[in-house]
Amino acid sequence: MESKKWLALVLVIVALLASLEYMPRNILLRVAIPSDASYPLNKGPYGTSKLWNMLASKGYREAIVYGYSGLPRLRNVKDVVILEIGGSSTAPPSEAYRLARDLVARNVRVHLIVLDEEPSQGVSKYIENVSDLLCGYTPPRIRGPLNSTYNDLYLVVDGKAYDLPTGYTGYLSYTTDPVATPGKPRLPENQGLYKLIAAAWPYPSPPYNGFWYIIGAECRSNRGSVVLIADSTIATNMEADAHPEAVEAITNIINDRVSSPRTTLILVDEEFYVNPGQGNVQLILSLHPSIFLLAFAKAYSGIEKFVIKDLVGHHLTPLLVLGIATVLSAATLYASRITGKEKVRVKTGRKRSWKLGITLSLGLGSWSDAYTVCMRAEKYSRLITGHDTSLGTIRELTQEVGELCRRVRGSRVLRYIPLWGSLKRRIIVNTALALSIEGVYPYQEALKLLEGEGRGQQR
């Protein structure tokens with residue numbers, strides 16, 4: 001009886017790890033990000049998709065990450081720009097800081113660009129840590145916002161001045177008082193290791209009327225740079241629509257610090273936007289605490305493809321088939337022995353259910369079924385137009401489906417081994433997710449259509 005419990009535990013772990021290969025962690029995290037967040041995939045007025053697209057059009061490489069998760073290979077990357085625009089994380093973004101520290105250790109120049117009129121305590125602590133890492137200096141604190149709805153923002157970048165109307169802004173302070181001047185300041189202006197580069201004049205509203213407030217500063221070193229601008233509005237889509245020069249100014253801030261767009265990676269870290277421990281966000285993250293397990297499953301998938309390719313390249317396919325058959329036979333034999341011992345005490349219905357569970361966990365399924373699912377996936381994928389706000393996620397899902405189906409179609413000897421169940425399931429789930437995110441079909445209906453059960457279809 002004890003051995004049966006251990007086998008059940010092992011099968012559950014195998015099934016969990018297999019399922020994590022197609023469970024989209026990033027989708028669950030993005031559910032936790034507020035719809036009005038200054039997030040690059042948010043195409044609404046408060047999103048920053050226009051800035052994101054502008055940087056892509058200039059030739060910059062881009063990535064949305066969660067700490068190390070999702071980080072691409074840093075081939076030919078000399079500069080990494082970390083964008084923090086209106087973050088909401090209350091806890092210090094520890095993953096993001098370890099990432100910045102690791103990049104510096106690899107001799108990659110790191111540039112932290114913050115546009116935030118009222119950063120949370122966690123984000124403020126992150127700014128202090130990265131400033132100390134890159135410049136060896138405690139930065140001025142971003143405080144605010146100013147008690148005004150509209151402000152004039154004056155920004156100087158690489159000798160070019162920008163005058164931009166904006167909404168709420170914060171201000172910079174070395175103590176608790178703002179850095180203010182009665183007249184328009186002559187920028188840029190050195191103040192310690194930081195150089196002042198931006199100021200704002202609020203429309204008459206006590207007690208802020210009549211003064212210019214310093215809202216932007218920068219520091220530079222051989223490790224990189226830090227740019228602090230106490231205003232996230234100038235990066236949003238509504239500002240880009242009304243005043244395109246605002247997006248141009250932010251782009252020039254980046255251009256002024258990096259050697260070339262081709263050797264620069266722009267990062268937006270989801271850790272700035274996800275706030276664990278706050279109501280439903282905690283529930284979502286608790287339901288899927290699998291960042292490291294997902295990474296393990298992804299590594300396993302890569303190793304599996306490498307091993308199969310290497311064995312086929314050395315004409316050792318029979319050895320691969322023999323190994324799979326041996327593992328399958330051993331597992332089946334062991335399961336049969338346990339079933340025999342329990343036969344007297346277990347009802348027939350429960351035995352069938354348990355055997356079915358073992359079959360599903362081992363990923364059994366015919367090649368022809370997997371091939372049929374690929375044909376359906378190709379058919380329904382044509383309905384995806386790519387106009388949804390989650391275009392990047394949809395592209396990742398459909399690309400993986402394409403890769404999996406190429407493995408199915410390219411199979412020769414392995415098609416005779418009935419171990420295509422888990423791969424077939426991954427194709428179904430990824431395609432169903434893409435269709436549901438695009439809004440073509442609800443998720444459950446998409447699953448039925450791909451499995452051949454919906455709308456009178458036959459397998």
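Analyst: In this predicted model, the axes of helix α4 (residues 94–105) and α5 come within 10 Å and cross at roughly 10°.

User: How are α4 and α5 oriented to each other, roughly parallel or roughly antiparallel?

Analyst: The axes of α4 and α5 cross at roughly 10°. Angles under 35 degrees count as roughly parallel, and therefore α4 is described, relative to α5, as roughly parallel.

User: Which residues of α5 make the contact with α4, and how many residues of the contact are charged?

Analyst: On the α4 side the contact is made by Ala 96, Tyr 97, Ala 100, Arg 101 and Val 104, and on the α5 side by Tyr 126, Asn 129, Val 130, Leu 133 and Leu 134. By class, the contact of α4 with α5 holds 8 nonpolar residues and 1 polar residue, and the number of charged residues is 1.

User: What term describes the orientation of α3 and α7?

Analyst: Helix α3 (residues 49–57) and helix α7 (residues 245–255) have axes 10 Å apart and pack at an angle of about 50°. The crossing of α3 and α7 is right-handed. Because an angle under 35 degrees would count as roughly parallel and one of 65 to 115 as roughly perpendicular, the orientation of α3 and α7 is oblique.

User: Which residues form the contact between α3 and α7, and how many of the residues in that contact are nonpolar?

Analyst: From α3 the contact takes in Leu 51, Met 54 and Leu 55, while α7 contributes Val 247, Ile 250, Thr 251 and Ile 254. Sorted by class, the contact of α3 with α7 has no charged residues and 1 polar residue, and the nonpolar residues number 6.

User: Is Ala 56 buried, partly exposed or exposed, and what separation is there between the C-alpha atoms of Ala 56 and Pro 261?

Analyst: Ala 56 is found in helix α3, and with a relative accessibility of 39% Ala 56 counts as partly exposed. Ala 56 and Pro 261 are 205 residues apart along the chain, and the separation of their C-alpha atoms is 9.3 Å.

User: Which kind of aromatic pair do Tyr 126 and Phe 272 form?

Analyst: The structure holds 5 aromatic pairs, and one of them joins Tyr 126 and Phe 272, with 5.1 Å from centre to centre and 75° between the planes. This pair links distant parts of the chain, since Tyr 126 is in helix α5 (residues 121–135) and Phe 272 is in the loop between β13 (264–269) and α8 (280–287), 146 residues apart. Both Tyr 126 and Phe 272 are buried. Planes over 60 degrees apart count as edge-to-face, and the pair of Tyr 126 and Phe 272 is edge-to-face.

User: Which parts of the chain does the pair of Tyr 137 and Tyr 194 tie together, and which term describes the pair?

Analyst: Tyr 137 lies in the loop between α5 and β4 (141–143) and Tyr 194 lies in strand β10 (residues 194–202), so the pair ties together parts that are 57 residues apart in sequence. Tyr 137 is partly exposed at 27% relative accessibility, whereas Tyr 194 is buried with a relative accessible area of 1%. The ring centres are 6.0 Å apart with 35° between the planes, and the pair is tilted.

User: What is the value of phi at Asn 76, and what is it at Asp 158?

Analyst: Most residues other than glycine have a negative phi. Asn 76, in the loop between β1 (61–65) and β2 (79–85), is exposed at 65% relative accessible area, and Asp 158, in the loop between β5 (151–157) and β6 (160–166), is exposed at 63%. Phi is positive at Asn 76, near 55°, and also positive at Asp 158, near 50°.

User: Where is the cis peptide bond that involves Pro 188?

Analyst: Most peptide bonds are trans. Pro 188 is placed in the loop between β8 (180–181) and β9 (189–191). With an omega of about -5°, the cis bond joins Leu 187 and Pro 188.

User: Is Thr 233 buried or exposed?

Analyst: Thr 233 is found in the loop between β12 (224–229) and α6 (237–242). Leaving aside residues up to four places away in sequence, Thr 233 touches Glu 117, Thr 166, Gly 167, Tyr 168, Met 238 and Glu 239. Because its relative accessible area is 14%, Thr 233 is buried.

Technical notes: Residues are numbered from 1 along each chain as its sequence is written. This is a predicted model: local features need pLDDT of at least 70, side-chain atom pairs count only at pLDDT 80 or more; totals for chains, interfaces and linings use all residues. Side-chain values use heavy atoms; hydrogens and water are left out. Helices (H or I, at least four residues) and strands (E, at least two) are DSSP runs, numbered from the N terminus. Buried means under 20% relative accessible area, exposed over 50%, partly exposed in between (1.4 Å probe, protein chains only). Contact means heavy atoms within 4.5 Å. Axes are lines fitted to C-alpha atoms, for helices over the stretch in contact, and angles run from 0 to 180 degrees between N-to-C directions. Angles under 35 degrees count as roughly parallel, over 145 as roughly antiparallel, 65 to 115 as roughly perpendicular and the rest as oblique. A crossing is left-handed if the near helix is turned anticlockwise from the far one by less than a right angle, and right-handed if clockwise. Ala, Val, Leu, Ile, Met, Phe, Trp, Tyr, Cys and Pro count as nonpolar, Asp, Glu, Lys and Arg as charged, and the others, Gly among them, as polar. Rings of Phe, Tyr and Trp (its six-membered ring) pair if their centres lie within 6.5 Å; planes under 30 degrees apart count as stacked, over 60 as edge-to-face and the rest as tilted.
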